[in-house]
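Good morning. I will take a few minutes on one structure, and I will go through it part by part.

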Amino acid sequence: MMAQRYLVVADRVSGAESSIAEAGLRIVYANDRLAIGISAGLPFTLLPGGAGVILGAFFPRKGRERTLDSLLNWEATGPREMLEAISTHFWGSYVLVCDNANGEGPLVARDPSGALAAYYKAEPGGLRISNDVRLLANCFTIASDRVRDLIASDGYYAEETCLAGIFDLRPGMALMGVVSQPVERPFWFPWDHCPDPREPGNADAADIVKEAVCDTVASLCGAYERPLVFMSGGLDSSVVLAALHIANRPAHCLTTYTADLSGDERGFARIVAKALDYPLDEQFLDPSLVDFTTCVASHLPRPKRRPLFQAMGKLAAPIVKDMGADILVNGSGGDQVFCSSQSMNAVIDSLKARRSLLATMATFENICELTGCSVGEGLKGIWRRARRPARHEWGINTDLLVQTEKIRVPRHNWLDCPKGTPPGKAFHVGMLLRVQESIESPFDADGPPMLNPLIAQPVVEACLGIPSWAWVRGGRNRAVAREAFSSDLPPAIVNRRAKSGPTSFSSQLLSKYRSQMRERLLGGVLAEQQVIDVAAVSHALDNVMQQSGPQSLRLLQLADTEAWCRHWVSIG
C-alpha cells in the first residue's frame with residue numbers, strides 16, 4: 001500500500017469511520033460533516049479553532065513568516081481570503097481541508113505545486129477525497145474518451161481522469177461545496193507572479209532563483225535522512241544535487257545508461273557526483289527490464305505512458321532497499337520552470353517591453369546562437385509568432401488514434417493570459433501545465449515518496465518573475481539557473497549546451513517487443529474501445545525501424561497505456 005495516504009469522507013456517509021479504519025488509517029479530524037484519516041507516514045497540521053487539517057508538508061515562506069493563529073480570524077474569514085493568505089505566507093506539498101470557512105461549508109484545496117495528489121469521487125451519500133484512488137471505490141471503469149484525450153494532448157491533465165467518475169483536484173484549485181455540489185475554483189494564479197511586461201527585469205535574478213531553490217530543497221529534504229537522487233548528468237538534476245550539498249544534506253545518486261553512447265550520461269553524472277562528493281551508482285538500462293504485460297504505476301488513475309520508468313524502477317528498487325532510502329529526489333520540471341525555449345518569443349517580449357534596440361538585438365543573437373538558426377530564419381520566426389495571439393496553444397497529435405471530433409482541446413485558466421501578456425511569458429506559464437505529468441511518482445506505490453523540488457511554489461514564483469530574455473542570455477537555455485549555480489557546479493555542467501537521451505533504448509524496446517506489442521495492441525482494450533486506429537498501428541509496427549522518433553514514442557506510449565487499461569479492466 002502507498003506509504004503516505006489519506007482519506008477524507010465528506011457529508012459523513014454511513015460508516016465513514018469504519019471505512020477509514022479498514023484502510024489502515026488513523027482518524028485525525030472528525031465533526032458532523034467530515035472525517036479525515038491518514039497513514040502513519042503523512043505529516044499533518046491542525047488548523048486553529050478546529051477549522052480543519054493541512055495534510056502533508058507545510059512550511060512558512062521565508063521573509064513572510066507568520067503563525068497560523070495570527071494569520072487571520074478563522075471564524076470570520078471567507079474561503080477566498082483564507083486561501084490567499086495561506087498561499088502567500090506558506091508553501092509545501094499539502095492538501096488543505098477546512099470546515100470553518102465563514103459558514104460556507106467544507107472545502108478542499110491543493111497547493112499550487114500539486115505535489116500531494118487529491119482525487120475525488122462523488123457518491124449519493126457524500127464525497128470521498130484521497131491521494132490513493134483505490135480508497136475511493138471498489139470497482140472502476142475505464143473512460144476511453146479521456147484516455148484518447150490524454151494521448152492526443154501528450155499528457156494534459158484535465159479535471160476528469162481516465163477512470164470514470166474519478167476526478168483530479170488540480171494544483172492551485174479549491175473544491176467548494178464538497179457536501180452539496182462540488183465545483184473547482186482557482187485560488188492561485190501564475191499570472192500574479194509575472195512581471196509587468198514594461199519592466200526591464202531584475203538584475204539579481206540569479207540570486208533570487210538560487211535562494212528559492214536552496215531554501216526549497218533544504219526544507220523538503222530536511223525531514224529525510226537517506227535521499228536517493230536520480231542523476232541524468234544534465235543541468236536540472238545537478239542543480240538539485242548542488243542545493244542538497246549547500247544544505248549539507250546526505251544523498252546517494254543513481255544514473256542509468258544504455259549500450260549506445262547516445263544514452264550514456266555517466267561521464268557527466270560522475271563529474272557532478274565527484275565535485276559534490278556524493279556516491280554514485282551506475283545501472284545499465286537493459287530492455288529485458290521492461291514487461292509490456294504490466295504497466296508503469298498501475299495505481300494511478302491515468303496511464304503514465306513511459307515504459308522507461310518501469311526499467312528505472314526495477315534498477316532503483318535494490319538500491320532503495322540496500323541503503324534504506326526514505327525519499328526519492330529528481331530534477332523533473334526544470335525545463336519548464338527554467339523556461340527552456342527554442343523560439344523567438346523573447347525577442348517579441350523585448351520589443352513589447354520597449355527595451356533598447358541594442359538589448360533587443362542581443363536577445364535576437366542569443367536565440368540564433370542557441371538554436372543555430374540563421375538571421376533570415378530568425379526574422380521569419382519573429383514574423384510568424386508576432387502574427388499569432390500571445391496565448392500558448394496546446395498542440396493535439398492524433399497520430400495512430402481513431403480520428404474523431406470528440407477529442408477535447410485542453411482548457412485551463414492558466415492558458416487564459418491577461419491582456420498585454422507577452423508571448424514568452426504565456427509560453428512559460430503554459431509549460432507549467434506540462435509539469436503536472438511529472439508530479440506523480442512512476443514507481444511502486446509502497447516505496448519511498450518522490451520529491452520534485454524544482455516545481456515547488458517558491459521556485460516557480462521566483463522564475464515566473466524573470467523576463468523571457470534573461471533565460472536565453474549568452475545563447476544558453478535556462479541561463480539564469482546556470483548563472484545561479486555557476487560557482488557550485490563544474491564548468492562542464494554549467495556550460496553544457498546539448499544533452500542526449502535514451503532514444504536508443506526506445507529503439508531497442510520496439511525491436512525486441514514488436515511482436516508482443518502487435519498482439520496486445522491490435523487485439524486489446526484500446527482497439528476494442530476504438531481509441532487507436534488499428535490499421536495505422538499495424539502499418540507503423542510493420543515499418544517500425546523506419547518510423548520517426550515521435551511515432552516510435554507514440555507506439556511505446558500506446559503499449560504502456562494498453563497494459564494500464566488491462567490492469568483496471570482486470571480488477572473491475
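This is a predicted model: local features need pLDDT of at least 70, side-chain atom pairs count only at pLDDT 80 or more; totals for chains, interfaces and linings use all residues.

I start with the cores. In soluble globular proteins, nonpolar side chains tend to be buried together. Here the largest nonpolar core has 83 residues. Which of them touch the most other members? They are Leu 96, Val 213 and Leu 241. Helix 5, residues 205-221, gives the largest share of this core, with 9 residues. Another core, of 62 residues, lies apart from it, and includes Val 147, Ile 166, Cys 295 and Leu 401.

Take Leu 241 as an example. Setting aside neighbours within four places in sequence, Leu 241 is in contact with Val 229, Met 231, Ala 251, Cys 253, Val 272, Leu 276 and Tyr 278.

Next, the annotation. The unreviewed UniProt entry marks residues 34-59 as "transmembrane region". How much of that stretch is helix, and how much is strand? In the model, residues 34-59 are 0% helix and 62% strand. The C-alpha atoms at the ends of this stretch are 25 Å apart.

Ala 57 is in strand 5, residues 52-60. Is Ala 57 buried or partly exposed? Its relative accessibility is 21%, so Ala 57 counts as partly exposed; the cut-off for buried is under 20%. Leaving out residues up to four places away in sequence, Ala 57 touches Pro 43, Trp 91, Gly 92, Ser 93 and Tyr 94. Of these, take Trp 91: Ala 57 and Trp 91 are 34 residues apart in sequence, and their C-alpha atoms are 8.5 Å apart in space.

Now the helix pair. Two packed helices are described by the angle between their axes and the distance between the axes. For helix 20, residues 534-542, and helix 21, residues 549-571, the angle is about 120 degrees and the axes are 11 Å apart. Their crossing is left-handed. Val 537, Ala 540 and Leu 541 of helix 20 meet Gln 551, Leu 555 and Leu 558 of helix 21. That contact has 5 nonpolar residues, 1 polar and no charged.

Last, the backbone. Most residues other than glycine have a negative phi. Asn 248 has a positive phi of about 60 degrees, and Ala 297 has a positive phi of about 50 degrees. Asn 248 sits in the loop between helix 6 and strand 14, and is exposed, with a relative accessible area of 69%. Ala 297 sits in the loop between strand 15 and helix 8, but is buried, at 8%.

Key: Residues are numbered from 1 along each chain as its sequence is written. Side-chain values use heavy atoms; hydrogens and water are left out. A nonpolar core is a set of buried Ala, Val, Leu, Ile, Met, Phe, Trp, Tyr and Cys residues joined through side-chain atoms within 4.5 Å. Buried means under 20% relative accessible area, exposed over 50%, partly exposed in between (1.4 Å probe, protein chains only). Helices (H or I, at least four residues) and strands (E, at least two) are DSSP runs, numbered from the N terminus. Contact means heavy atoms within 4.5 Å. UniProt positions are given in the numbering used here, feature names are shortened, and annotations may be inferred rather than shown by experiment. Axes are lines fitted to C-alpha atoms, for helices over the stretch in contact, and angles run from 0 to 180 degrees between N-to-C directions. A crossing is left-handed if the near helix is turned anticlockwise from the far one by less than a right angle, and right-handed if clockwise. Ala, Val, Leu, Ile, Met, Phe, Trp, Tyr, Cys and Pro count as nonpolar, Asp, Glu, Lys and Arg as charged, and the others, Gly among them, as polar.
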